[in-house]
Amino acid sequence: MPTVSVIIPVLNEENAIAKVISDIPKTAHNGEITRQEIIVVDNGCTDNTVAIAKRNGARVVTEPQRGYGYACLAGIAALATQPPDIVVFLDGDYSDYPTDMPQLLQPILENRAALVIGARTQGKAKEALLPQARFGNWLACYLIQHFFGVRYTDLGPFRAIRYSDLLALNMQDKTFGWTVEMQLKAAKQGISSCEVPVQYRKRIGTSKITGTLTGTLKAGYKILTTLIYHRFLT
């Protein structure tokens, strides 16, 4: 049976991480897939997140250099000794619904896609996104379609990808451009992708990115420069 590893980057999510871990299904798609392990990446936590994650069965790896991309890359590196067939990325703030993982995995299991993005742009999920996040998503997805010819509606962090294709992407971004880099590189390399609707809710606690003006501006700038760099300079 195919195996799945889940990577959860965290920075001070002590009130959410136990809920996230407990909601991750052990099997999916009529029992045809097995969850191999959950990796929580400590990206500089100063609260009880790490202890709670360990108590709930996660393997914790440490990445002291702050940045979403840094944390994701550390999680990928931790898979090298026992690689899974599929990698799922999931936020640690309980804004995503881990119970949606089976439908996220289904296109990969059915060989319809190698990369699946959980799209939060429908119904109540869309309403839970902050206005600045909705605008940033729209602009980035518009530019991806304009520059690379692939249509997305979201840069959602809840996503699944075949491990072999993840390695082929040679991910490099260390901070806010991680999600858009993955999607535009998949488009450039011809890696099949699709979106599936997922549920979304207001996170527990305050976002370190869209919850502040500085974080929003930094994320927006990084996403735009990442798109321009990969369109015109690579």
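Trainee: How many residues are in the largest nonpolar core, and which have the most contacts inside it?

Mentor: That core has 37 residues, and V87, F89, I161, L166, M182 and L227 have the most contacts inside it. A nonpolar core here is a set of buried Ala, Val, Leu, Ile, Met, Phe, Trp, Tyr and Cys residues joined through side-chain atoms within 4.5 Å. Buried means under 20% relative accessible area, exposed over 50%, and partly exposed in between, with a 1.4 Å probe and protein chains only.

Trainee: Which elements give two or more residues to this core?

Mentor: They are β3 (33–42), α3 (68–77), β5 (86–89), β6 (115–119), α6 (131–148), α7 (163–169), α8 (178–189) and α9 (213–232). Helices (H or I, at least four residues) and strands (E, at least two) are DSSP runs, numbered from the N terminus.

Trainee: Before I go on, what sort of model is this?

Mentor: This is a predicted model: local features need pLDDT of at least 70, side-chain atom pairs count only at pLDDT 80 or more, and totals for chains, interfaces and linings use all residues. Residues are numbered from 1 along each chain as its sequence is written, and side-chain values use heavy atoms, with hydrogens and water left out.

Trainee: What is I161 in contact with, leaving aside neighbours within four places in sequence?

Mentor: I86, V87, F89, I108, A114, L115, L166, L169 and M182. Contact means heavy atoms within 4.5 Å. There is also a second, separate core of 31 residues, which includes I24, L104, I108 and F158.

Trainee: Switching to rings. How many aromatic pairs are there?

Mentor: Five. Rings of Phe, Tyr and Trp (its six-membered ring) pair if their centres lie within 6.5 Å; planes under 30 degrees apart count as stacked, over 60 as edge-to-face and the rest as tilted. One of the pairs is F89 with W178, edge-to-face at 6.0 Å centre to centre and 65° between the planes.

Trainee: Where do F89 and W178 lie?

Mentor: F89 is in strand β5 and W178 in helix α8, so the pair ties together parts 89 residues apart in sequence. F89 is buried, at 0% relative accessible area, and W178 is also buried, at 1%.

Trainee: What about F147 and F148?

Mentor: They form an edge-to-face pair, 6.2 Å centre to centre with 90° between the planes. Both F147 and F148 are buried. Elsewhere, ring pairs link F135, W138 and Y142 into a cluster.

Trainee: Now charges. How many salt bridges does a search of the whole structure find?

Mentor: Six. A salt bridge is a side-chain nitrogen of Lys or Arg within 4 Å of a carboxyl oxygen of Asp or Glu. Among them, E13 and R203 meet at 3.0 Å, N to O. E13 is in the loop between β1 (3–10) and α1 (17–22), and R203 is in the loop between β8 (193–197) and α9, 190 residues apart.

Trainee: Are E13 and R203 buried or exposed?

Mentor: Both are buried. R203 also forms a salt bridge with D93, the closest N and O atoms being 3.3 Å apart. D93 lies in the loop between β5 and α4 (101–109), so this pair ties together parts 110 residues apart in sequence. D93 is buried as well.

Trainee: Which residues do shared partners join into one network?

Mentor: E13, D93 and R203.
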